[in-house]
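Here are some notes to read alongside the structure, written as numbered points. Please keep the display open and find each element as it is named.

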Amino acid sequence: MESYHEFAQIYDKLIYEDIDYTKMADYIENCFAKLETKPSLVLDLACGTGSLTDIMSKRGYDMIGVDMSVDMLNVAKSKNEDILYLCQDMRQFELYGTVDSVLCMTDSLNYILDYDDLVKVFRLVKNYLNPHAPFIFDMNSHYKLSQIIKDNTFTYDSEFVSYVWENEYDEKENICDFYLTFFVSRDGENYRRFDEAHTQRAYTEDEVKRALYEAGFENVSVYDGYSFDSVHAHSERLVYTAR
C-alpha cells in the first residue's frame, strides 16, 4: 500500500481529467435508490483528497473520510473542515460506531495486493455497517490491468503538469506496477521532477465475489462502469454493491 506524498498536491488536477465526481455522486445516489435505502451516515473509505466526500456532504449526508495518506487528507480537509477525516490503513481501520453505508471508489481496493487482506477489509466494512446497509465500491477490471495497462507506457502533457507512466505486469501474480515520473511547474517555465511508484492487483470478478461472501456479505451485484449494465469481456471498471 502506498501513500501519495507529493502526488497529493496534483492529484485533483490529473484525476478530474478522467473522473467526474458529480456524476459519480449521482450514480451512488441511484444505487441507494435501486437498493431502496436512504443512508444518513456514510463512510468514504480510501477517500483520497475528499472530492467525493465533499460532494456527498453538500448533498446532506453525514460523511466520514478514511485514508492512509496524511498528504491526501490535508488536501481533503482544506475543502471541507466539517467532515471527520481519519488517517488509517483500510486494512486496520476503526470507527466510533456503525454507519449506514460504506463507499470505496476510484479503484482503491486494487491496491490491496493480498487476497486474504481483501477479505479482511471486507470483514471490517461489514463489522461497521448497520444491518442491510449497502457497501458500494469500484475496481479496475482484470481485463484493464492485464490487457490495456499491462506493459504499456502512457504520457500526459499540459501547461503545468506532464508525466510519463510506465507499467509492468506480472501475469503469474496478476500484479501491475506503475512507475510515474512527473514534471510540475507553477509558472509554466520551470519544472520540478518527482517520481511515484504504485502497485495494483488484477482481481477477477469471481475472486472479488468470493471474498465478499467469505466476509459475510450477501446480495452481491456487479455492473459495468458507472451504469447498471451487465459486465462484459471488455469492461474496464466494475462497480460492486453488496449488503
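**Notes on the predicted model**

1. Helix H5 covers residues 115–128, and its 14 residues, at 1.5 Å a residue, should span 20 Å; the C-alpha atoms at its ends are 20 Å apart, which agrees with that expectation. Please bear in mind that this is a predicted model.

2. At the start of H5, a side-chain oxygen of Asp114 comes to within 3.0 Å of the backbone nitrogen of Asp116. The buried residues of this helix are Tyr115, Leu118, Val119, Val121, Phe122, Leu124, Val125 and Tyr128. An α-helix has 3.6 residues a turn, so residues three or four places apart point the same way. What covers the buried residues of H5? The cover includes strand E1 (41–45), E4, E5, E9 and helix H7 (205–214).

3. The loop between E3 and strand E4 (101–104) contains Asp89. Is Asp89 buried or exposed? Asp89 has a relative accessible area of 16%, and because the cut-off for a buried residue is under 20%, Asp89 is counted as buried. The side chain of Asp89 is also joined to that of Arg91 by a polar contact of 2.6 Å.

4. A further open sheet has four strands in the order E6-E7-E8-E9, with antiparallel pairing. Its edges are strand E6 (153–157) and strand E9 (191–201), each with a single partner strand, so one side of each has no neighbour in the sheet. From one strand to the next, the twist averages 15°.

5. In the four-stranded sheet, strand E7 (residues 161–170) pairs with strand E8 (residues 175–185) in the antiparallel sense over 10 bridges, and the bridge partner of Tyr169 in E8 is Cys176. Helix H6 (residues 142–149) packs on this sheet and touches E6, E7, E8 and E9, while its direction makes about 105° with that of E7.

Definitions and conventions
Residues are numbered from 1 along each chain as its sequence is written. This is a predicted model: local features need pLDDT of at least 70, side-chain atom pairs count only at pLDDT 80 or more; totals for chains, interfaces and linings use all residues. Side-chain values use heavy atoms; hydrogens and water are left out. Helices (H or I, at least four residues) and strands (E, at least two) are DSSP runs, numbered from the N terminus. Buried means under 20% relative accessible area, exposed over 50%, partly exposed in between (1.4 Å probe, protein chains only). A polar contact is a pair of N or O atoms within 3.5 Å; within protein, one must be able to donate a hydrogen and the other to accept it, and residues adjacent in sequence count only if both atoms are side-chain atoms. Two strands pair if DSSP finds at least two bridges between them. Axes are lines fitted to C-alpha atoms, for helices over the stretch in contact, and angles run from 0 to 180 degrees between N-to-C directions. Contact means heavy atoms within 4.5 Å. The expected span of a helix is 1.5 Å times one less than its number of residues.
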